[in-house]
Amino acid sequence: MRASLASSIAVTCAAVLALPVSLTVPAAASAPPAAASALPPAPELPGSTQSLPLEPLGAATRSLGGTATGSGEQGLTRRDVRPFSLVGVVWDDPAAPLHGTVQVRTRATGGAWSPWQDVETHNEEHGADPDTAEGSARVLRGSTAPLWVGDSDGVEIRVRGEEPLPAGLRLELVDPGEAPGQDAPAGPEAPAPHTRSARTPAAPAGPSAAEAAASAVNAQLAPYGAAWIPALSKEETELTARAMPQQAAAAPAAAQAAQAAPAALAAKPYIGPRPKIITRKGWSADESIREKGFVYTKTIKAAFVHHSATGNNYTCKQAPSVLRSIYRYHVKSSGWRDFGYNFAVDKCGNIYEGRAGGVAKPVMGAHTLGFNTNSMGIAVLGTFSKSNPPAAVVTAVARLTAWKLGLHGVNPKGTSYLISGGGNLYKKGKQVRFNAIAGHRDGFATECPGGRLYGKLGTARATSAKYQGRP
């Protein structure tokens, strides 16, 4: 037991000490181990996106459902397409809002057509802050929220505008592809990759440079290339925090500033037990499609909770496929540098690494427009405007924030100040006070994370503080 405890402490201590204080990480910091560079490159993971331009709908189509519509209407009539599992709509100008409704119906592979489903159109409140490199990228597009529909091979869509529709409307149909065969994380809550029986998984191969780098930033928390980062007990986590000042003192002087632990942890390690976290390797993220390198902020002062608005019609075994689909939609369709959120939580309470850069590090996300600096974003997979989040979701948010906020000495029941980067609630430069665990709607005029999930954040704060051992 002592040997195991000492090993866990050493691994976690090194990881937390590695928290960066600069905005960007040097290229050398993300280099893979020497042994990995000698392996043959891996083939690109499967997955694809069909991008179909929308067309003006004719008079007969405009009266679908017995309701006449206005002049601003585009869409596609029923058609056969290659297999896909997630849909969304994008357009040319990311600053142009889509005021209106988007509805789709899909045909399950080998099955029947679904009823019309609404796609959430207000997605501009997600994304990188305006003045950042990611936020000003030329490839950015306006986009709806993505909607998970499951294995499908037929689609029909209609977009009805309350005012002129933005130019360049396209329907994006995302196929997550199959995950390569791998050992599933231990434990009853571990998801298995979603597969289609008609396909053959890709053959295993050595990691690419991007895959190696994404794994290397977590290699001090788990074995290199691991599919998940194991949980630590509260005792192990707290002992690790207390040991950090001695570890920092033993480090070379030039590295001490970057490796020093937050002072609050040295004095009193109010930190929750580290939860099990499924890595990007665990959900089979295709590291070749994101931008290379990692971007960091200085610290983490608050956690913003979101819902993905992708619907609740998925199983927990399908969660990795949902994540791969959202990831591809964020990068290939919307033009973001990577998956937007730092972490994701599925309906069974499984926690996933989101944006690459290291789960223990303050990775800059693209989740809460105007407030991505010094914060992190947690996306709960699902839509919780009218559906209650499962208790496992609230518990997972509490466990994750107790650990991650604890690394930075933050009380989950406390408040923090962030400086707005610009948005529809707070002008650029305004200092805004947030709960340490806040909802997306606290920083932007939006329904996210849905009223039912937002109403559970008080419970998450109290539970998170208890995990930290606070009175």
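The following questions and answers concern a predicted model of one protein chain.

User: How many helices and strands does the protein chain have, and what share of its residues is buried?
Analyst: In this predicted model, the secondary structure of the protein chain consists of eleven helices and 17 strands. Among contacts with a separation of 6 or more, 79% are between residues 24 or more positions apart. The accessible surface of the chain comes to about 19,000 Å², with 55% of that area belonging to carbon and sulfur atoms. The counts asked for are therefore eleven helices and 17 strands, and of the 471 residues the buried share is 54%.

User: Which element gives the largest share of the largest nonpolar core?
Analyst: The largest nonpolar core has 32 residues, and Phe343, Val380 and Trp403 are those with the most contacts inside it. Two or more residues each come from E11, E12, E14, helix H9 (391–407) and helix H11 (457–468). Of these elements, the one with the largest share gives eight residues, and that element is H9.

User: Which residues does Val380 contact, leaving aside its neighbours within four places in sequence?
Analyst: Val380 is one of the residues with the most contacts inside the largest nonpolar core. With neighbours within four places in sequence left aside, the residues in contact with Val380 are Val305, His306, His307, Ser308, Val345, Val393, Val397 and Leu453.

User: What is the arrangement of the rings of Trp283 and Phe339?
Analyst: Seven aromatic pairs are found in the structure, and in this one the ring centres of Trp283 and Phe339 are 5.9 Å apart. Trp283 lies in the loop between strand E10 (277–278) and strand E11 (302–307), while Phe339 lies in the loop between helix H8 (319–333) and strand E12 (343–345), so that the pair links parts of the chain 56 residues apart. Because the planes of the Trp283 and Phe339 rings stand at 55°, the pair is tilted.

User: What is the arrangement of the rings of Phe371 and Phe434?
Analyst: Phe371, in the loop between strand E13 (351–353) and strand E14 (375–380), is paired with Phe434 in strand E16 (residues 431–435), 63 residues apart. Phe371 is buried at a relative accessible area of 1%, and Phe434 is likewise buried, at 2%. The ring centres are 4.9 Å apart and the planes are at 80°, so the pair is edge-to-face.

User: Which parts of the chain does the disulfide tie together, and how many residues apart are they?
Analyst: A search of the whole structure finds one disulfide, formed by Cys316 and Cys348 with their sulfur atoms 2.0 Å apart. The link is right-handed, with 95° about the S-S bond. Cys316 is buried at a relative accessible area of 11%, whereas Cys348 counts as partly exposed at 42%. Since Cys316 lies in the loop between E11 and H8 and Cys348 in the loop between E12 and E13, the pair ties together parts whose separation in sequence is 32 residues.

User: What is the C-alpha to C-alpha distance between Val149 and Ser85?
Analyst: Val149 has its place in strand E7 (residues 147–161) and counts as buried at 14% relative accessibility. Not counting residues up to four places away in sequence, Val149 touches Phe84, Ser85, Leu86, Val87, Thr106 and Gln117. Although Val149 and Ser85 are 64 residues apart in sequence, their C-alpha to C-alpha distance is 5.4 Å.

User: Where is the proline of the cis peptide bond that joins Cys448 and Pro449?
Analyst: The cis peptide bond between Cys448 and Pro449 has an omega of about 15°. Cys448 counts as buried, at 4% relative accessibility. Pro449 is found in the loop between strand E17 (437–439) and helix H10 (451–454).

Terms used:
Residues numbered from 1 in each chain as written. Predicted model: local features only at pLDDT ≥ 70, side-chain atom pairs only at ≥ 80, totals over all residues. Heavy atoms only, no water. Helix = DSSP H or I, 4+ residues; strand = E, 2+ residues; numbered from the N terminus. Buried < 20%, exposed > 50% of the residue type's maximum accessible area, 1.4 Å probe, protein only. Contact = heavy atoms within 4.5 Å. Areas by Shrake-Rupley, 256 points an atom, 1.4 Å probe, with all protein chains shown as cover. Phe/Tyr/Trp six-rings, centres within 6.5 Å; stacked < 30°, edge-to-face > 60°. Core = buried A, V, L, I, M, F, W, Y, C linked by side-chain atoms within 4.5 Å. Disulfide = S-S within 2.5 Å.
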